[in-house]
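Please work through the exercises below with the sequence and the three-dimensional view open beside you. Try each task before reading its solution.

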Amino acid sequence: SSGCAIYGMPTGIEQFCEKLLPLNIYSAEDILKHHTLLPYFSLVLPSERMQNTRVKMLQLSNAGAQGQLGTLASTVKNFRFLRFCPQCVEDDRQYMGAAYWHRVHQLPGVLVCPFHECPTFNSQVDKQHTAYQLYASAEKYAKENARQSKLVVDDKLLSIAQASAELLRSYQPHAKLETYRNQLLSLGFNHGGNAINQKMLAEGFIRYWEVERLEKLGITTNFYKESQWLRFITRKAERGSQFQPLQHILIRLFIQSLKQSDVHPGIKASSPETIYSCPNSFCDQKEKLSAKVINTHHSKKKGATYGVIECKCGFT
């Protein structure tokens, strides 16, 4: 009678499996791995805390499992309502006989279904104002809530949903922040040797994700403050367990986009009006100013600005 239902990170799993006997077709480990959010959080939990969280979820007591995750004091916002994809609901009914809640739809920042590439919706289950012993089946409660803002699906929102779903597939190795730092340094985000140029990083991060999209994701956007998470996740000090998986996903996808781009992160496209005479002695162009600046970049050591010009004759 003192038990409290917790979505995503339930406790008392061992006793639950015992109660199913003799029809027990699930082991406690099966439920932990395939029906809870523990694999998602394994990315940010050191091995000792991961094991402590696992033990607390297996035991009957409600105490401590959520505290191990660091989500209680996190700036990453969780959804107030249980979420669902209307197409998943139809597929569940067709292939499984009934609709059920999907883990990935409840993850922070997942505004799009990674399977159907359509917006997910708030259900009628308000996690803040719902009786903790309510049996809220998806069959009954997976109906669109009036408190739902319109969303336009784009590739970046879809990439977040797909990356989040990937984290749920299996337990993840604990993320090493040094990896992000080294990758960013190799991509030119350095400032005086091995220091990350935080201003350049903030500008590039905002330019890629855009303020409006970050706000929809529930991510604070003032990245120029000393206390911002983007600064800490790229510093030398190891503070991996203080960040949420969504923050790791955002920085990983940002770095991945830079690696796939031909444009250096420190390069800013110049105005088409910035034109010069072609230095090629054999240039076949008639106009005097036939070359234009295609990009600029800063010297890593001295900070001087250099430009690359390109002419219609093919000379660069």
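Predicted model: local features only at pLDDT ≥ 70, side-chain atom pairs only at ≥ 80, totals over all residues.

Residues are numbered from 1 along each chain as its sequence is written, and side-chain values use heavy atoms, with hydrogens and water left out.

**Exercise 1.** Describe the protein as a whole, by its helices and strands and by its buried share.

*Solution.* Begin with the elements: the protein has 13 helices and five strands, where helices (H or I, at least four residues) and strands (E, at least two) are DSSP runs numbered from the N terminus. Next, consider burial: 41% of the 316 residues count as buried, a word that stands for under 20% relative accessible area, with exposed meaning over 50% and partly exposed in between (1.4 Å probe, protein chains only).

**Exercise 2.** Determine how helix α10 and helix α13 pack.

*Solution.* First locate α10 at residues 198–209 and α13 at residues 245–260, whose axes lie 11 Å apart at an angle of about 90 degrees; axes are lines fitted to C-alpha atoms, for helices over the stretch in contact, and angles run from 0 to 180 degrees between N-to-C directions. The angle therefore makes α10 roughly perpendicular to α13, a label for 65 to 115 degrees, whereas under 35 is roughly parallel, over 145 roughly antiparallel and the rest oblique. Then list the contact (heavy atoms within 4.5 Å): α10 brings Leu 201, Gly 204, Phe 205, Tyr 208 and Trp 209, and α13 brings Leu 250, Ile 251, Leu 253, Phe 254 and Ser 257.

**Exercise 3.** Find which residues touch the most other members of the largest nonpolar core.

*Solution.* A nonpolar core is a set of buried Ala, Val, Leu, Ile, Met, Phe, Trp, Tyr and Cys residues joined through side-chain atoms within 4.5 Å. Among the 61 residues of the largest one, the answer is Phe 205, Ile 219, Phe 223, Trp 229, Leu 250 and Phe 254, and α13 supplies the largest share, eight residues. A second, separate core has six residues, including Val 89 and Phe 121.

**Exercise 4.** Is Thr 316 buried or exposed, and what does it touch?

*Solution.* Start from its place, in the segment after β5 (305–311). With a relative accessible area of 53%, Thr 316 is exposed. Leaving aside residues up to four places away in sequence, Thr 316 touches Val 308, Ile 309 and Glu 310.
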